[in-house]
Amino acid sequence: MNRMVKPGTAAIAAIVLLAQPVIASSAAAGPVESLLSVNKRTTTSTVENESFSGALAVDGDSTTRWASLEGDPQWIAVDLGGPADISRIKVFWESAHAKDYQVQASDDGQNWRDVKTVVGSDGGLDEFTDLNTSARHVRIFGTARATVYGYSLWELEVYGVRTGDGDIQPPSVPSGLRQASSTTESITLGWNPASDNVGVVEYEILRNGNVIGRSATTSYTDTSLASGFDFQYAVRARDAAGNLSGSTAAVKASTRPTPSDGIVIALAGDIAKPELPSEHSRTAELVAKIEPRYVLTVGDNQYVDGTIEEFRSYYDKTWGKFKKITKPTPGNHEWNNELAGYKQYFGKIATPKGKPYYSFDVGAFHFVALDSDPVYNGGGAEQVAWLRKDLAKTKKSCIAGYWHHPRFNSGNSGDAKSVAPLWNELARAKADVVFAGHDHHYERTKPLDVDGHVDEANGVRSVIAGIGGDSLYLDYKAREGVEKILGKHGVMKLVLKGKTYSWEIIGTNGELLDKAGPYRCR
Ligand SMILES: [Ca+2]
Ligand SMILES: [Ca+2]
């Protein structure tokens, strides 16, 4: 499935930031205004994810940004570190901008007063001059969005003159950053304290360039990480006035690998979107890291129409390196091209018996790889008949199915009764689990019966993993039986061990997003 691309995720707006101090416009020979907000401490109502933290809106970099979750209101505040006479504020909106918002000021970060009220902003740069207000804190408080997405700011710049004799000297850079210890899922860092003329109050911890935590002490444990992954960490220090030290040089740290005597399989769907090359490139890097024996795809491998030109230009450049071990299924986007590009690109891999549906055995498991699109559209009787015969023949204890359109779905597309013929054959064969894509989120359920109700004893687990690279859908609403649901890009690492199976969902930042099982086949 496909909806519009989130604005701004592909194209970076070209913004020239004014970094140099400028002379105040006031005719009187007053103090020189300067940029007071750069690298100061921010707080936000929400962040879309760790790659879009509030710090990125005051980092002086026009290619990095804060992004909130969807919903109103949302806000970002910056603490200037001490009282200031504020002369000018510049707000550089990303395309997901506010329509209506307030520029607010506060002395204590608690009690806010409106300085400007904006109605009907067209985004881009909003600049407010001659503010003549004194405050320590500034907040952009969004009350109505211009798009269905959240609020996103490339930069927030507050200019003025610090008043009083507040501390303006940042701490020294911390030293001696090291990996103190690690487990399969966590890394503990340690470092030597920074010094400051007044006092260090906290350290910010960065993983792969993003602030992921704060610590009042000289150690920090980063949790929920994928096993056997490397990460780059840095630390910086902040004083009570919000002054920020430089960052330490990045230090590599690693989680311990999980000893795995099982068969490892990687799985995802909804992958290669031409407008989002970095996302499927990053999920392909995860697949490489997982080192699977097979790669299973749950459809919409290639957007927009799955033509051979598109496959060669995008999918082949990333996930294509695993083609020989890939066992794909097609989605509605490949059907835009009547599967011509899909069949040409994958060849016999996609049609081992001449049809775009097939089965194979791995260890104690029998897998059926299906082409749900014709069934979704009311046809596919020949495939359903083949499926029944195929499942009747298998002697394997464990059965797993995978295809594109989910039968049961908490996403925007909802449950799809039309693919019940596929699900019901799996249920009849006492299958264990079905994997699908189509909606761009991840969910897993308790075992479900043919009507989608929880049946722990006789049901089939339902999993959606449409998180391979296309823009995410976050408007899901957990249906009956959902045990875990989330909207992040990543890849499933499925492990088969004897007659049990388990999986992890690994995010593109190397985070462990979910752990499921082990489950015993029924
Ligand atoms: Ca920025
Ligand atoms: Ca200081």
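# Exercises on a predicted model

Six strands make up an open sheet of mixed pairing, in the order 18-17-16-26-27-28. Strands, like helices, are DSSP runs numbered from the N terminus (strands E, at least two residues; helices H or I, at least four), and two strands pair if DSSP finds at least two bridges between them. The model is predicted, with local features needing pLDDT of at least 70 and side-chain atom pairs counting only at pLDDT 80 or more, whereas totals for chains, interfaces and linings use all residues. Residues are numbered from 1 along each chain as its sequence is written, and chains are lettered from A and ligands numbered from 1 in the order in which they are written.

**Exercise 1.** Determine which strands stand at the edges of the sheet, and describe how strand 28 pairs with strand 27.

*Solution.* 
- Step 1: Strand 18 (326-327) and strand 28 each have a single partner strand, so they stand at the edges and one side of each lacks a neighbour in the sheet.
- Step 2: Strand 28 pairs with strand 27 (residues 500-507) in the antiparallel sense, over six bridges.
- Step 3: Within this pairing, isoleucine 505 has aspartate 514 in strand 28 as its bridge partner.

**Exercise 2.** Explain why strand 11 is described as largely enclosed, and name the strands joined to strand 11.

*Solution.* 
- Step 1: Strand 11 (residues 200-207) is largely enclosed by the rest of the structure because six of its eight residues are buried.
- Step 2: Seven bridges connect strand 11 with the antiparallel strand 14 (residues 230-239); leucine 206 stands opposite alanine 234 there.
- Step 3: Strand 12 (residues 210-215) is also antiparallel to strand 11, with five bridges, and arginine 214 is the bridge partner of glutamate 204.
- Step 4: The hairpin of strand 11 and strand 12 has two residues between the strands, and asparagine 208 takes a positive phi near 50°.

Conventions. A residue is buried if 20 or more other C-beta atoms lie within 10 Å of its own, exposed if 12 or fewer, and partly exposed in between; C-beta atoms are placed from the backbone.
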